[in-house]
Amino acid sequence: MSFQTGHIGLNVTDVEASTEFYRRVFGFTVARESEEDGRRYVFLAQDGTLTLTLWQQSEGRFATARPGLHHLSFQVADLEAVRRAEQVLSELGAVVHHGGVVPHGEGAASGGVFFEDPDGIRLEIFAPDGAGDRPAPTTGAPTCGFF
């Protein structure tokens, strides 16, 4: 038996704000949505494939100190794509960790930008190569640990 990740479902506090954020940062398109009171959701797709579902079913901020999701990571082709996402994050005023694009660890060629969505969910957009000329933010620990 073989498994592959399907779509990701996230609870959000404001489905409209989160939809706009994910559309702007990732370029996702709305595949389906419900505006029914008490059942608000949006299905977001990339190239016609369902990628992310947003469910307006929560209050407050993402609790990083509780068991559950640590972060979501999205791979892009190259560091230029990471830089484009970083620019959009700056325009949106998003929380960006480590001051911008950094490698995954000291001496690693891969790296990216580590940030939060409107609800504080931790995200990463990375490229497999091109970040090795920058210092890692933390020695002895992976950058994607958000340490």
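What is the order of the strands in the open sheet that contains β5?

Modeller: The model is predicted, so local features need pLDDT of at least 70 and side-chain atom pairs pLDDT 80 or more, while totals for chains, interfaces and linings use all residues. Residues are numbered from 1 along each chain as its sequence is written, and side-chain values use heavy atoms, without hydrogens and water.

The order is β5-β8-β7-β6, in an open sheet of four strands with mixed pairing (strands are DSSP E runs of at least two residues, helices H or I runs of at least four, numbered from the N terminus; pairing takes at least two DSSP bridges). At the edges stand β5 (72-75) and β6 (96-103), each pairing on one side only. From one strand to the next, the twist averages 20° (angles run from 0 to 180 degrees between N-to-C directions, and axes are lines fitted to C-alpha atoms, for helices over the stretch in contact). Four bridges join β6 to β7 (residues 111-116) in the antiparallel sense; within β7, G112 is the bridge partner of V102.

Now the surroundings. Another open sheet of four strands, also with mixed pairing, has the order β1-β4-β3-β2. Its edge strands, β1 (8-12) and β2 (29-34), have a single partner strand each, so one side of each lacks a neighbour in the sheet. Here too the twist averages 20° from one strand to the next. β1 pairs with β4 (residues 49-56) in the parallel sense, over five bridges, and N11 stands opposite W55 in β4. Helix α1 packs on this sheet, touching β1, β2, β3 (41-46) and β4 (contact means heavy atoms within 4.5 Å). Helix α1 (residues 15-26) also packs with helix α2 (residues 79-92), at an angle of about 145° and with axes 8 Å apart. Among the residues making that contact are F21 of α1 and L89 of α2.
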